[in-house]
Amino acid sequence: SALTAGTARNGFLASSGIWFDDSSTNLGVGATFTGTSRDLTVTATATAFANAATFAQELVVSAESDQTGTLWLEVSRDNTNWRRVKSIATAAVTGGGFYAEIVHRPSWRYARVGFTNGGVAQTRFAIGSILKAI
């Protein structure tokens with residue numbers, strides 16, 4: 001049997017997320033940006049998911065710059081002691097610039113993102129993250 005056009009969303013699953021514009025401040029030579037600590041249970045913020053019982057099941061962070069650098073992710077169980085668990089160098093993008101992305105499935109309560117610039121001062125930089133309740 002053939003599928004027909006319609007408005008029913010069979011198999012469509014929408015989920016909520018919270019997006020953060022972590023920084024767009026250019027970094028100097030070898031400088032580091034360390035982002036805000038985020039509670040991945042998102043119960044401590046008024047901009048939480050649809051309800052306080054929803055936990056972030058995925059964290060995606062990306063950075064784009066006109067210079068090379070390293071994107072990284074740190075996690076913590078107590079919001080005091082941090083462990084760097086993922087780190088990736090930016091890759092050149094056709095047409096100019098450098099980009100990196102980290103996809104993380106949380107297992108510790110807190111996370112923060114960061115970026116360490118390379119050997120040339122930036123004139124363009126953006127780092128952002130999204131918590132997804134997938």
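These are my notes on side-chain contacts looked up in the structure above.

**Basis.** The model is predicted, so I took local features only at pLDDT of at least 70 and side-chain atom pairs only at pLDDT 80 or more, while totals for chains, interfaces and linings use all residues. Residues are numbered from 1 along each chain as its sequence is written, and side-chain values use heavy atoms, with hydrogens and water left out.

**Aromatic pair.** I searched the whole structure and found 1 aromatic pair. Rings of Phe, Tyr and Trp (its six-membered ring) pair if their centres lie within 6.5 Å; planes under 30 degrees apart are stacked, over 60 edge-to-face, the rest tilted. The ring centres of Phe-115 and Phe-125 are 4.9 Å apart and the planes stand at 50 degrees, so I logged the pair as tilted. Phe-115 is in strand 9 (residues 110-117) and Phe-125 in strand 10 (residues 125-132), so the contact ties together parts 10 residues apart in sequence. Strands (E, at least two residues) are DSSP runs, numbered from the N terminus. I then checked burial (buried is under 20% relative accessible area, exposed over 50%, partly exposed in between; 1.4 Å probe, protein chains only). Phe-115 is buried at 0%, and Phe-125 is buried at 4%.

**Core.** I looked up the largest nonpolar core, which has 20 residues; Leu-71, Phe-115 and Ile-127 have the most contacts inside it. Elements giving two or more residues to this core include strand 1 (17-23), strand 5 (69-76) and strand 9. A nonpolar core here is a set of buried Ala, Val, Leu, Ile, Met, Phe, Trp, Tyr and Cys residues joined through side-chain atoms within 4.5 Å.

**Salt bridges.** I counted 6 salt bridges, taking a side-chain nitrogen of Lys or Arg within 4 Å of a carboxyl oxygen of Asp or Glu. Arg-38 and Asp-22 form one of them, at 2.7 Å from N to O. Arg-38 is in strand 3 (residues 38-39) and Asp-22 in strand 1, 16 residues apart; both are buried.

Glu-74 bridges to Arg-84, with the closest N and O atoms 3.2 Å apart, and to Arg-112 at 2.7 Å. Shared partners join Glu-74, Arg-84 and Arg-112 into one network. Glu-74 is buried at 9% relative accessibility, whereas Arg-84 is partly exposed at 46%.

**Charge over ring.** I noted that the charged end of Arg-84 also sits over the ring of Trp-72, 3.7 Å from its centre. The rule needs NZ of Lys or CZ of Arg within 6 Å of the ring centre and within 35 degrees of the ring normal. Arg-77 lies over the face of Trp-108, at 5.5 Å from the ring centre.

Terms used: Helices (H or I, at least four residues) and strands (E, at least two) are DSSP runs, numbered from the N terminus.
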